Amino acid sequence: MSADESQLSPHHLPSGGAVRGQRGSRTLGTSLRRAGLALLPLLRRLATMVVALFGASVLVFVVLNVLPGSPAEVILGTQATPRAVQQLTAQLGLNKPLINQYLDWMGNLVRGNFGVSYISHQSIGSQIGQALTVTGPLVLFALLIGLLIGLPLGLAGALRNGRVSGSLIGAMSQVGMAVPSVVAGLLLIVVLTVKLHIFPTSGFPGWSDPWQALRALVLPSFSLGVVEGAIMSRYVRASILEQLRSDYLRTARSKGLRVGQALRRHGFRNAAIPLVTVVGLELASLVVGAIVVENVFSLPGLGLLLLDSVNNRDLITVQDIAMLVATTVLVLNLLVDLSYRLLDPRLKGTA
Amino acid sequence: MTALLSVRGLSVSSGPLELVRDVSFDVDAGERVGLIGESGSGKSLTALAVMGLLGEGLRASGSVRLGDEELLEASELRRCQLRGDAIAMVFQEPMSALNPTRRVGDQVGETLRIHRHLSRKAAERAAVDLLSRVEFAEPERYARMYPHELSGGQRQRAMIASAIACDPGVILADEPTTALDVTVQRRVLELLDRLVDEEGCALLLIAHDLAVVSEVCDRVITMYGGRLVESGSVSQIINEPHHPYTQALLATSKALSVSESSLGSQLPSIPGTVPSAGHFPRGCPFQDRCDRRVEACQVMPEVVETDNRALACWNPVVGTSASGGGEAA
């Protein structure tokens with residue numbers, strides 16, 4: 001077996017040329033081939049991503065343009081004459097065929113130009129950028145809180161499986177999952193701001209005063225993060241339990257490791273593989289959840305911008321935000337797939 | 001001389017259900033004992049109970065002594081000190097028994113890191129040595145590989161390497177060749193045989209094939225339905241099985257090795273199937289499948305020890321003529 005394999009390989013070398021040259025060219029060849037093998041699935045994934053983004057853009061564009069209500073009507077108000085509406089529609093380029101409007105929008109977007117809002121006449125790019133300084137930290141804090149709650153809770157739940165304390169943890173996370181983050185947020189507002197005056201209820205002072213900005217983000221992050229942590233703890237628990245029941249953990253224990261040691265040395269990395277998927281998906285759902293929570297706490301983030309834009313029929317802004325969220329989700333999925341390759345040696349060079 | 005591993009009245013139960021009942025046997029230092037029986041007869045549970053690695057909800061009672069120590073009463077910490085060092089185990093399925101995300105050398109050397117407190121570097125070197133002892137031609141290269149890059153036989157040899165790392169007094173091998181290709185089985189078995197010889201350690205070899213056990217072991221224990229039904233030296237059991245179940249196992253095993261005699265005729269098999277746990281008949285667990293069943297079988301026979309062999313049967317096979325194979329001819 002092993003002996004045969006090793007003795008076979010020299011015979012596969014091409015004949016002719018100096019031995020050193022052969023070896024050199026062989027290693028170069030194999031390393032190039034290896035690099036190619038590693039890159040190929042990545043390229044394939046990127047191609048799928050482009051196709052998915054194209055599909056998303058068509059969907060977003062069609063759905064928004066099919067909806068009733070034109071920006072011109074909204075801008076001019078209910079008193080406007082049909083003629084004025086027509087004029088403004090032409091001015092905004094909204095009377096062009098839909099396919100041209102789509103191509104204009106996409107053409108700009110691909111070049112990194114988000115366009116200009118119909119309503120505020122401001123650059124949409126800078127508006128989104130501004131909003132992201134709120135939504136970005138909010139989502140990251142929420143994820144961090146979710147992990148800080150979910151990981152230890154899930155681990156404890158798995159290790160105490162079958163005992164009363166384990167069931168209690170399970171019940172707690174069930175309750176946590178059942179509570180929508182909006183309700184959690186409102187509860188936090190009532191307790192911590194209205195009653196105890198610890199945190200500001202709503203609004204965002206901007207990052208010029210980082211301390212105040214962080215204070216304003218604490219409650220929204222928690223209302224997203226607590227629910228997230230409850231969800232995460234379920235996955236962590238299931239994943240750790242699976243490890244505890246695995247054959248190789250038993251092997252590790254047969255070598256003399258205690259359960260905790262065996263789990264640390266052999267279980268965590270394997271348990272992380274499914275959890276990375278969950279974190280990726282949950283991050284995406286946090287972006288969506290942030291939109292709701294921002295409205296509860298009146299934070300000037302992506303969610304509030306989206307809601308205002310929808311109300312004002314500011315279609316390009318809505319489309320841009322939708323595409324931004326879609327891209328984020330797809331990029332996260334790509335990163336999740338790539339991280340598998342780092343965590344699981346079996347996946348090297350596979351699609 | 002006192003036995004190295006002494007099991008007395010060992011029972012393994014899941015709640016009210018007894019999966020292994022009142023099993024007693026000894027393994028002397030350097031002795032090789034085979035444990036045979038079909039799947040579901042309680043062999044693996046017995047080994048896991050000895051190791052103290054029973055799964056959730058399973059409980060062992062009775063006595064398991066290693067040297068002068070009672071294992072079932074030892075603290076978990078003490079048991080961890082003994083596991084891998086004084087007593088090691090080789091598992092049946094080498095793919096799932098090795099961690100897919102850690103390198104082979106890492107896993108082979110781990111036992112030494114735990115018990116001999118070797119540094120990472122020293123353990124790596126020791127792992128390479130161990131791999132060459134289990135006949136890896138390029139141990140350095142294989143030490144850096146992951147389990148999925150190895151063949152089944154190579155994985156099992158790596159498992160064996162990790163089991164012998166600390167020179168344990170006893171190795172429990174739970175069907176170490178069952179999951180392997182037939183062509184590889186012999187090589188792994190011979191390797192295990194040679195290493196046990198070199199190390200001078202005792203071996204408890206679990207198998208469902210008597211042929212495998214008879215090649216490697218000095219003594220054989222037959223289990224059925226969670227009970228010890230017969231034990232004796234290999235020659236006693238092979239030439240003169242007394243329990244109808246051992247005899248039936250022997251017949252199926254012989255038919256596979258003496259191929260020309262079984263050509264054209266039906267392969268002998270043991271009638272019926274092993275009932276699932278908790279569905280064995282009262283009394284002797286084998287009575288439903290036994291052609292020597294008598295009235296007394298309603299009550300479980302005591303294990304009677306005579307002449308270095310033990311037997312639990314009311315109506316044992318006597319005489320040399322009934323040494324199996326007859327059914328096949």
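Reply:
**Helix packing and its setting**

Helix α6 (residues 124-159) of chain A packs against helix α11 (residues 259-296) of chain A at an angle of about 120 degrees, and their axes are 10 Å apart. The structure is a predicted model, in which local features need pLDDT of at least 70, side-chain atom pairs count only at pLDDT 80 or more, and totals for chains, interfaces and linings use all residues. Residues are numbered from 1 along each chain as its sequence is written, while chains are lettered from A and ligands numbered from 1 in the order in which they are written.

Helices (H or I, at least four residues) and strands (E, at least two) are DSSP runs, numbered from the N terminus. Axes are lines fitted to C-alpha atoms, for helices over the stretch in contact, and angles run from 0 to 180 degrees between N-to-C directions. α6(A) and α11(A) are therefore oblique to each other; angles under 35 degrees count as roughly parallel, over 145 as roughly antiparallel, 65 to 115 as roughly perpendicular, and the rest as oblique. The crossing in which α6(A) passes α11(A) is right-handed (a crossing is left-handed if the near helix is turned anticlockwise from the far one by less than a right angle, and right-handed if clockwise).

On the α6(A) side, A:Thr135, A:Leu138, A:Val139, A:Ala142 and A:Leu143 meet A:Leu283, A:Leu286, A:Val287, A:Ala290 and A:Glu294 of α11(A). Two residues are in contact if their C-beta atoms, placed from the backbone, lie within 7 Å. By class, this contact of α6(A) with α11(A) comprises eight nonpolar, one polar and one charged residues. Here Ala, Val, Leu, Ile, Met, Phe, Trp, Tyr, Cys and Pro count as nonpolar, Asp, Glu, Lys and Arg as charged, and the others, Gly among them, as polar.

α11(A) also packs with helix α10 (residues 247-254) of chain A, at an angle of about 125 degrees and with axes 9 Å apart. That makes α10(A) oblique to α11(A), and their crossing is right-handed. A:Tyr248, A:Leu249, A:Ala252 and A:Arg253 of α10(A) make the contact with A:Val259, A:Ala262, A:Leu263, A:Arg265, A:His266 and A:Gly267 of α11(A). The residues of this contact divide into six nonpolar, two polar and two charged.

Of the 351 residues in chain A, 30% are buried. A residue is buried if 20 or more other C-beta atoms lie within 10 Å of its own, exposed if 12 or fewer, and partly exposed in between, with C-beta atoms placed from the backbone. Among contacts in chain A between residues at least 6 apart in sequence, 69% join residues at least 24 apart.

Chain A is assigned domain 1 (71-110) and domain 2 (126-347), with bounds that come from an automatic or database domain assignment. The centres of these two domains of chain A, taken over C-alpha atoms, are separated by 39 Å. Four residues of domain 1 of chain A are in contact with seven residues of domain 2 of chain A. The elements that give two or more residues to the domain 1 side are α3 (71-76) and α5 (98-110) of chain A, and the residues of that side divide into four nonpolar, no polar and no charged.

The loop between α5 and α6 of chain A holds A:His121. A:His121 has a positive phi of about 55 degrees although it is not a glycine. With 7 C-beta neighbours inside 10 Å, A:His121 counts as exposed.

B:Glu135 lies in the loop between α5 (120-133) and α6 (139-143) of chain B, and B:Glu135 is buried, with 21 other C-beta atoms within 10 Å.

Finally, 22 residues of chain A are in contact with 34 residues of chain B. The elements that give two or more residues to the chain B side are α2 (76-82), β6 (87-90), α3 (94-97), α4 (104-115) and α7 (152-164) of chain B. The largest share of that side, four residues, comes from α4(B). By class, the side of chain B that touches chain A has 14 nonpolar, twelve polar and eight charged residues.
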